[in-house]
Amino acid sequence: VQLQASGGGLVQAGGFLRLSCAASGSIFGINVMNWYRRAPGKQRELVAGITRSGNTNYADSVKGRFTISRDNAKNTVYLQMNNLKPEDTAVYYCNLRIRSDDYWGQGTEVTVSS
């Protein structure tokens, strides 16, 4: 399984970005697709997750601003990030969890200037 993330960049506070992550390979059965991030000097944190059936969960810090979605036919997960804040600056990683196995994308950098 391989994950390819894209969509990061530099944006001003209040702006928006959309991240995408396409998974390829042998993907069968129940799975969850997630976005994590690691800010400079901080531990990695879960930003949002979505099950194959569409159930979602979000970190409190992004609720109301970020929206996770997925296209099962394309094995792709998206993260729409609105009203970005400087504290959202981080490297964002997509994650695919199939049962107890984790697969990771290469990370895409998001920088929000004040």
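How many helices and how many strands are there in the protein chain? The protein chain holds zero helices and 11 strands, where helices (H or I, at least four residues) and strands (E, at least two) are DSSP runs that are numbered from the N terminus. The structure is a predicted model, in which local features need pLDDT of at least 70 and side-chain atom pairs count only at pLDDT 80 or more, whereas totals for chains, interfaces and linings use all residues. Residues are numbered from 1 along each chain as its sequence is written, and side-chain values use heavy atoms, with hydrogens and water left out.

Read along the sequence, the elements of the protein chain follow the pattern β-β-β-β-β-β-β-β-β-β-β. The radius of gyration of the protein chain is 13 Å, close to the 13 Å that the globule rule gives for 114 residues, so the chain is as compact as a globular protein of that length; here the radius of gyration is taken over C-alpha atoms, and the globule rule is 2.2 Å times the number of residues to the power 0.38. Along its principal axes, the C-alpha trace of the protein chain spans about 40 × 25 × 20 Å.

Of the 114 residues of the protein chain, 40% count as buried, a term that means under 20% relative accessible area, while exposed means over 50% and partly exposed lies in between (1.4 Å probe, protein chains only). The accessible surface of the protein chain comes to about 6,200 Å², and 47% of this surface belongs to carbon and sulfur atoms; accessible areas come from the Shrake-Rupley method with a 1.4 Å probe, and for residues only the protein chains shown count as cover. Among the contacts in the protein chain with a separation of 6 or more, 51% are accounted for by residues 24 or more positions apart, contact meaning heavy atoms within 4.5 Å. The protein chain has 13 positive and 8 negative side chains, and the centres of the two sets lie 4 Å apart. In this count Lys and Arg are positive and Asp and Glu negative, while His and the chain ends are not counted, and the place of a charge is taken as NZ of Lys, CZ of Arg, CG of Asp or CD of Glu.

A search of the whole structure finds one disulfide, defined as a pair of cysteine sulfur atoms within 2.5 Å. This disulfide is formed by C21 and C94, whose sulfur atoms are 2.0 Å apart. The pair links distant parts of the chain, with C21 in strand β3 (residues 17-24) and C94 in strand β9 (residues 90-98), 73 residues apart. The link of C21 and C94 is right-handed, with 50° about the S-S bond. C21 counts as buried because its relative accessibility is 0%, and C94 likewise counts as buried, at 1% relative accessibility.

F66 is found in strand β7 (residues 66-71) and is buried, with a relative accessible area of 3%. D88 lies in the loop between β8 (76-81) and β9, and at 0% relative accessibility D88 counts as buried. With neighbours within four places again left aside, D88 is in contact with R37, R65, F66, N83, V110 and V112. The C-alpha atoms of D88 and R37 are separated by 8.7 Å, although these residues are 51 residues apart along the chain.

G9 is found in strand β2 (residues 9-12) and counts as partly exposed, at 24% relative accessibility. Apart from neighbours within four places in sequence, G9 is in contact with L17, E109, V110 and T111. The C-alpha atoms of G9 and T108, which are 99 residues apart along the chain, are separated by 8.0 Å.

At 71% relative accessibility, R99 counts as exposed.
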